[in-house]
Each structure stands twice: as structure tokens, then as C-alpha cells.
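Here is a short walk through one chain, written for someone who likes to know the cut-offs behind each word. Please keep the model open as you read.

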Amino acid sequence: AADVACRHVGGLEDKRLVTAHLERLEIMCHHHPLSRQHLPAGANGRLLTDVDLELSGQVVWVGRSSMEVLLEVCTALPKKLAGQHEGPSNNQDENGNANDEGIQYYGSQPNDNLYRQLVGRAQFVMATRTPDLTRAMQVQPLLPTNAHEESLFKEVQERTERKKRDAQQRHHQHTHDEATKHLSPHDPLTEEQRQACSHAYSSRSRGVEDVLMSSTARSQLVTTRYQDRNTTGSVFGGQLLCYGTTIGSDVATAHAGQPCQLVQLHDVAFIALAPLNCQLVLEGHIAYTEGPMMHVRAVVRRLSDHPNDGAQKSTPAPGAYVTTFWCTYTTASGDVVATVTPSTQAEFRDWSHAKSCIPLTVPAGAEAMLCS
């Protein structure tokens, strides 16, 4: 994403690029090209280790000082390895491209003897800053050159405007709701909120029990490393994403009692830079479950030293967030997991948000939006 964005802005001689937001990262499910077994991308390491991958990226939208970069990861398997032969067959089109379930061809080079299959997609928002990172810098405009690029630009533009309206609506509801506007984050649920939770779980599977959301919370302590630095001298966004998936996987696995697989990251906000050689706290909890799916709320925050009874102790600095995440996991076996119940206003807000964010995953066999 940074490489694509850097090419768009014409280099970093007089500016810097920072990762501002990850709108969504999705991992698709497919049949393995060689074994035909139905596996999620990366399951057992098979799809991501024994098949070549192609990474494509393109700037699809530009604002005043930020841009959205669409990234796609596809398999690139030689046709001969997939058991295909020269000339059309009953599972090939007239160009020799496969029509098998789980293997679809797309791209701008139909005769390059490769089958490509979409296995991952991400939408990054990159922002430009002055070299000292104190001010935003304007980004060159983006001119779509065809109908496909215009549709991508329009899609992001509409989503951006919709998110602004939704945020304004939530703020209005929060400030004008007489029942909750005077409540603190630690206050218990109102009767109306309890009924909302009970109604949402009224059709849950037999034998599935409720657990308190607070009982699913877990945390870890990590130290940032010099080798994880970016061009600004702080921890690069990819490593922060690793921190989020680390605590998210830990939370999901502990709650499910079995291995879990990442389905999606969404609404990841990079709030502050993480300096090198500092301690970060990774925190997470289950916010909502639906069948085998678990929505995890995760945060990365800094530690700071505060005097306490004459001694220097490392304690979490309130509000010192570096990155916030929403992660979606599913059990590897497909088993239904226990539902979670919020008990405070802060937990209810997480529960309500996660409930409205059912993963919109791209189905197996979906085509890429970018030409390879």
C-alpha cells in the first residue's frame, strides 16, 4: 500500500506517508488448486506456501490529504500444475481458461498460462504529512480513465460520505438519548438494553450458554523493535496489524477452546505513532458472537511510567491508544461458540457495534477488481 501510494505522490523527498486507516481486510475461502480440498486461505499453511502469489495494488480514491489503496492477493498457478492440457476441454473455455469450481481465471493477459484466484483483499487509507509529521499535505488528484476505475472511485466516495452520516447520527443519538446520555461507561445496562440483548440471543442454538463479556478479556505486553521501523522512525503499520491479530487470535481461541481462523479485519484506526523500544499493551475481548463467528474488539496502547507510592511502575496510560481493531474469527471446526453478554455501557456500545458489523466477505470464486 505504501509503495502504491508513494508512486502516486511522486516520491517522499518533501513529504511522508503514514497508514491512517484499514477499512477492511478479507480472507477468502477456496478449493486448494492442487488437492481440490475446500480450505480457507492459509489453512494449515497450504494455500500460501505451495502456490505462487501475485500482489496487485492501485489508488482508487483521493481526498484532500489522503488516498485509498486497494490491494488484492491472487494465486498464480501454472496450468500444467493444475492438470490442464493444451487445447479446450469440457472444463475450459475457448481460450483454454479453466471453468472448474474453485479455480477461475481473470486478468488482462489471457494467454500467460496461469490460473489466478482471489485469496485476499484489503483497503488501506494512506495519508501524506510534512517531513516533521506535524501537518497534512495535499495529494495530487486522481483521474479515472475508464468506467471500471470510475465505479471504484464512486464506491469509495459513497462509503466515505455514508460513514460521515452514520457517525453524525450516532453522536446525535448519544447526546439526545435521555435514558443514557448521563450514564458513564462503567454504569450498568438499562432495562431496555438488557431486553435488546435477550431478544438478540432468543434464537440461539440449544445448549449454548451466555458468558460475561468481561470474562473473555485478555492482554499481552510487547516491546517494539528497531527492525520494525518505517520511514518515519516509528513502528510500521504492518507490525501493528500483527499485534492486533495476535491478541485477537488469543482471545478467540481462548473463548472457543479450539483453533480459530481469521476471516476479516475492519475499521482499524491508526491513532498515534508507536516509537521504537517502548512497551505496548495488547488488549482484546469478544464483543459479539453469531454461530461459529466471533467479533473481537482489540486495542494497542502505550505504557508510561507513573510514580506510585514512591516507586516507578509501568501502568497503562489512560487513553494512550496507538491502534484500535475489529477482528472477525471463526472456529476451525465450525462449532457454535458461547454468546457474550455486556454488563456496562461501554461493553454495550461494543456489543451493538459488533452486532451491526456482520462480515461482508467475498464468496469463493469472486473475481479481482484489479487487473493482474
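D228 sits in the loop that runs between strand 8 (218-223) and helix 4; helices (H or I, at least four residues) and strands (E, at least two) are DSSP runs, numbered from the N terminus. D228 has a relative accessibility of 5%, so it counts as buried. Buried here means under 20% relative accessible area, exposed means over 50%, and partly exposed is in between (1.4 Å probe, protein chains only). Setting aside residues up to four places away in sequence, D228 touches S234, V235, F236, Q239 and Y243, where a contact means heavy atoms within 4.5 Å.

A word on the source: this is a predicted model, in which local features need pLDDT of at least 70 and side-chain atom pairs count only at pLDDT 80 or more, while totals for chains, interfaces and linings use all residues. Residues are numbered from 1 along each chain as its sequence is written, and side-chain values use heavy atoms, with hydrogens and water left out.

**Confidence and overall make-up**

The predictor's confidence in each residue, pLDDT, runs from 0 to 100. Its mean over the chain is 78, and 72% of the residues reach 70 or more. Over residues 83-111 the pLDDT is below 50, yet this stretch has 63 contacts in the model beyond near neighbours in sequence. Residues 360-366 also stay under 50, and there the model has 16 contacts beyond four places in sequence.

The chain's secondary structure comes to five helices and 13 strands. Of its 372 residues, 42% are buried. Among contacts with a separation of 6 or more, 73% are between residues 24 or more positions apart. The chain exposes about 19,500 Å², with carbon and sulfur atoms supplying 50% of that; accessible areas come from the Shrake-Rupley method with a 1.4 Å probe, and for residues only the protein chains shown count as cover.

**Helix 1 and its cover**

Which residues of helix 1 (residues 2-9) are buried? They are V4, A5, H8 and V9. These residues lie on the same side of helix 1, because they cover an arc of only 130 degrees around the axis, the arc being that of the directions from the helix axis to the C-beta atoms. Their cover includes strand 1 (16-27), strand 4 (53-62), strand 5 (66-78) and strand 6 (114-129). Just after helix 1, G10 takes a positive phi of about 85 degrees.

**Nonpolar cores**

In soluble globular proteins, nonpolar side chains tend to be buried together. A nonpolar core is a set of buried Ala, Val, Leu, Ile, Met, Phe, Trp, Tyr and Cys residues joined through side-chain atoms within 4.5 Å. The largest one has 52 residues, and those with the most contacts inside it are L22, M67, V69, L240, L241, L280 and M294. Helix 4 (residues 237-256) gives the largest share of this core, seven residues. Leaving aside neighbours within four places in sequence, L280 has contacts that include L221, V222, L240, Y243, A274, V300 and V322. A second, separate core has five residues, among them V60, L70, L152 and V156.

**Aromatic pairs**

Rings of Phe, Tyr and Trp (its six-membered ring) pair if their centres lie within 6.5 Å; planes under 30 degrees apart count as stacked, over 60 as edge-to-face and the rest as tilted. By this rule there are two aromatic pairs.

| Pair | Centre distance | Plane angle | Type |
|---|---|---|---|
| Y288 and W351 | 5.7 Å | 75 degrees | edge-to-face |
| F348 and W351 | 5.6 Å | 25 degrees | stacked |

By contrast, F348 and W351 both lie in helix 5, three residues apart, about one turn of the helix. Y288 is buried at a relative accessible area of 5%, W351 is buried at 3%, and F348 is buried too. Ring pairs link Y288, F348 and W351 into a cluster.

D267, in strand 9 (residues 260-270), has a positive phi near 55 degrees and is partly exposed, with a relative accessible area of 25%. N277 lies in the loop between strand 9 and strand 10. Its phi is positive, near 60 degrees, and N277 is exposed at 66% relative accessible area.
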